[in-house]
Amino acid sequence: EYGVLGHEIAGQVVAIGPDAKSVKIGDKVIVWAWLQFDSSHAYEGYIGVGLDGGFASHVFVPEDRFCVRYQNIPSSQAALLACSGLTAFSALKAARPKLAEKNRFLVIIGAGGLGLQGLRLSKSVTGVSPIVCDIADDKLQLAKKIGPPGTHTVNISDTSKALTTIIQLTSGGPDCVIDFVGSNETCNFGLQLLLAKQHLGALGKYIGVGLYGGGFHDLVLSKLVLNRISLEGVLVGTLEDLKELVKLVEQQIHVPLPIVEKELSLCNLNEAMEDLKKGKIMGRAVFKAKL
C-alpha cells in the first residue's frame, strides 16, 4: 500500500517526459512531495506514501512543476527543505504577524531536526531571535551555536524553573510559541507561557507542529478568550512556499543544518531510525544513493 518511503528528496533530473517544460536533464531539483494538497489535480497520497518515494536510487515525479530548481545549496541540505524546512518555514510565516511590532518574543520548543530548521530561519522570516527550549543540554548548545545573534536557550526539564526564566526574559511572557515536539508536556508548557501574559495589542498564539501525540490538559475555552490566545496547527506548506523558501536559503541562510550523511541502504536506514529514537543524531540524517 505504501510502496517506497521517503519524502525529503533532492537530486538531479536524469529523464523527462514530452510535456515537461520547466526542468531539463541535469537540473538540480528539490521535490515537492505533497501532491494531495495540490488543488489542480486529485492525487491520492503523496510521494513517499501512496507514490514511491526517495529511499531509492531514482524517483518518479508525475509533473515537472513539482520539481523546484536550486543552485547554491549543498544537495544534502537541499533535501531537508522539502519537509522539515518547509514545515518550519510555514510555522514561522504563521507566527510572523504576531511578531511584527518591536519587543515581541518567540519561543521555539524542541531543538531537534524541525526545531533547528525553525531556529536558523527565524530571524530572516520573523525578524526575531527566539528563545529555544529543550530537555537536552547538548541540543541547546548546538542551538546556541547555529542560532542568530540574540538567541537564548532554556532547559525545560524543570518546567517551573523554566517558566520563571522565560517570563523574565520576555518581560512577562512570549507573544508566540511554536511547538516542534507536540508531547503532553510541551503542549501544556507552551500554553502556560502564553497564559502568563495578558495579550492586549495582539493575540498570543500557540502553533502546533510536532506530532508526538500530546494534548492539552483540561483546556478551558474561557482561558483562551480572556487571555486572547489562538491555537493553530501547521502541516508542511504549499509549492509556492517551497519556492519562496529555496530563494530565501540561497540568498540569506548561510548556516548549515547539522547532518549525519550515510550511504542509502536498508541497513543504514534502520540503524539511523534507532539512533534517532535514542537521541544519538544531532540535527538530521541524510542518505545518498550510490548510482
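Author: Helix H2 (residues 84–95) and helix H3 (residues 113–126) have axes that come within 8 Å and cross at roughly 45 degrees. Because angles under 35 degrees count as roughly parallel, over 145 as roughly antiparallel, 65 to 115 as roughly perpendicular and the rest as oblique, H2 is oblique to H3. Axes here are lines fitted to C-alpha atoms, for helices over the stretch in contact, with angles from 0 to 180 degrees between N-to-C directions; helices are DSSP runs (H or I, at least four residues) numbered from the N terminus.

This is a predicted model, in which local features need pLDDT of at least 70, side-chain atom pairs count only at pLDDT 80 or more, and totals for chains, interfaces and linings use all residues. Residues are numbered from 1 along each chain as its sequence is written, and side-chain values use heavy atoms, with hydrogens and water left out.

On the H2 side, the contact (heavy atoms within 4.5 Å) is made by Ser84, Gly85, Thr87, Ala88, Phe89, Leu92 and Lys93. H3 contributes Leu114, Gln117, Gly118, Leu121, Ser122, Val125 and Thr126.

As for the cysteines, the count of disulfides (pairs of cysteine sulfur atoms within 2.5 Å) is zero. The sulfur of Cys133 lies 13 Å from the closest cysteine sulfur, that of Cys176, which is too far for a bond. For Cys187, the closest cysteine sulfur is in Cys133, at 14 Å, again too far. Cys133 is buried (under 20% relative accessible area; exposed is over 50%, partly exposed in between, with a 1.4 Å probe and protein chains only), at 0%. Cys187 is also buried, at 5%.

Key
Helices (H or I, at least four residues) and strands (E, at least two) are DSSP runs, numbered from the N terminus.
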